[in-house]
Amino acid sequence: MEAHTSTLTVYIPMRDIVIFGAPGAGKGTQSDYIVERYGLTHISTGDLLRKEIADKTELGIRIKSIMDAGQLVSDDIVITMIDNAIAHDTHGILFDGFPRTVAQAETLDKLLANHGRSLTCMIQLEVPREELIRRMLERAKVSGRSDDNEETIKHRLAEYESKTFPVAAYYAKQGKAIPINGLGDIKAISASIARAIDAK
Ligand code: AMP
């Protein structure tokens with residue numbers, strides 16, 4: 001008798017996700033979990049900018065003092081990086097540290113749409129201010145990052161509050177913001193994130 005074989009086609013949706021939160025909210029830690037679980041490409045604008053500085057490129061030299069002061073670099077610089085990343089990606093991207101202004105968020109929507117994609121959701125890690133400061137000071141002891149010091153931390157939080165926090169409302173209006181309590185056990189936070197993404 002002839003053997004019958006059947007093929008099962010598993011449809012894996014392409015996900016593009018933003019992980020959002022103040023500096024010190026745990027974006028880096030949870031990003032590692034999300035990219036592993038969903039097979040995404042991890043794009044951290046902070047990491048890309050630090051690489052430019054480490055490589056002493058023309059751009060790196062230009063942005064070092066801005067980053068050391070805890071200020072945001074200009075939208076154009078990070079948007080060019082993101083445009084490139086989307087053009088080269090076929091897996092879906094986890095955007096970490098981007099968008100940080102409403103203008104960046106609007107551009108991200110357009111860039112994804114140019115590639116027939118749209119954002120799946122924005123994971124918003126919520127951590128009280130005192131805990132953010134405590135965590136950043138703790139990290140400063142070991143990170144070796146030149147922007148991890150008390151003075152710069154204050155500037156980074158001020159930039160977050162004035163320019164980045166409004167991005168949360170931008171995504172909430174689209175029904176894409178998912179608030180997650182960023183306090184407590186790291187694995188429990190990861191599990192909440194996975195439940196939220198799986199439900200999308
Ligand atoms: P992070 O590693 O995400 O904390 O970013 C470190 C620094 O890089 C920030 O304080 C900014 O100076 C700069 N940076 C990272 N991402 C962005 C962005 N999307 N827009 C503007 N500046 C950024």
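**Note on the predicted model: aromatic pairs, ligand site and backbone**

1. A search of the whole structure finds four aromatic pairs (rings of Phe, Tyr and Trp, the last by its six-membered ring, with centres within 6.5 Å; planes under 30 degrees apart are stacked, over 60 edge-to-face, the rest tilted). For phenylalanine 20 and tyrosine 160, the ring centres are 6.0 Å apart and the planes stand at 45 degrees, so this pair is tilted. Because phenylalanine 20 belongs to strand β1 (residues 17-20) and tyrosine 160 to helix α7 (residues 150-164), the pair ties together parts that are 140 residues apart in sequence. Helices (H or I, at least four residues) and strands (E, at least two) are DSSP runs, numbered from the N terminus.

2. The model is predicted: local features need pLDDT of at least 70 and side-chain atom pairs pLDDT 80 or more, while totals for chains, interfaces and linings use all residues. Residues are numbered from 1 along each chain as its sequence is written, and side-chain values use heavy atoms, without hydrogens and water.

3. The ligand is surrounded by 16 residues, the closest being Thr45, Arg50, Gln71, Gly97 and Arg100 (a heavy atom within 4 Å of the ligand). This shell divides into six nonpolar, five polar and five charged residues (Ala, Val, Leu, Ile, Met, Phe, Trp, Tyr, Cys and Pro are nonpolar; Asp, Glu, Lys and Arg are charged; the others, Gly among them, are polar). Helix α2 (residues 45-54) gives the most to the shell, with four residues.

4. An N or O atom of the threonine 45 side chain is 2.8 Å from a nitrogen atom of the ligand, and one of arginine 50 is 2.9 Å from a ligand oxygen atom. In glutamine 104, a polar side-chain atom lies 3.0 Å from a nitrogen atom of the ligand. The protein buries 95% of the 480 Å² that the ligand exposes when taken alone (Shrake-Rupley method, 1.4 Å probe).

5. The peptide bond from phenylalanine 98 to proline 99 is cis, with omega near -5 degrees; proline 99 is in the loop between β3 (93-96) and α5 (102-114). Lysine 56, although not a glycine, has a positive phi of about 55 degrees.

Definitions and conventions:
A polar contact is a pair of N or O atoms within 3.5 Å; within protein, one must be able to donate a hydrogen and the other to accept it, and residues adjacent in sequence count only if both atoms are side-chain atoms.
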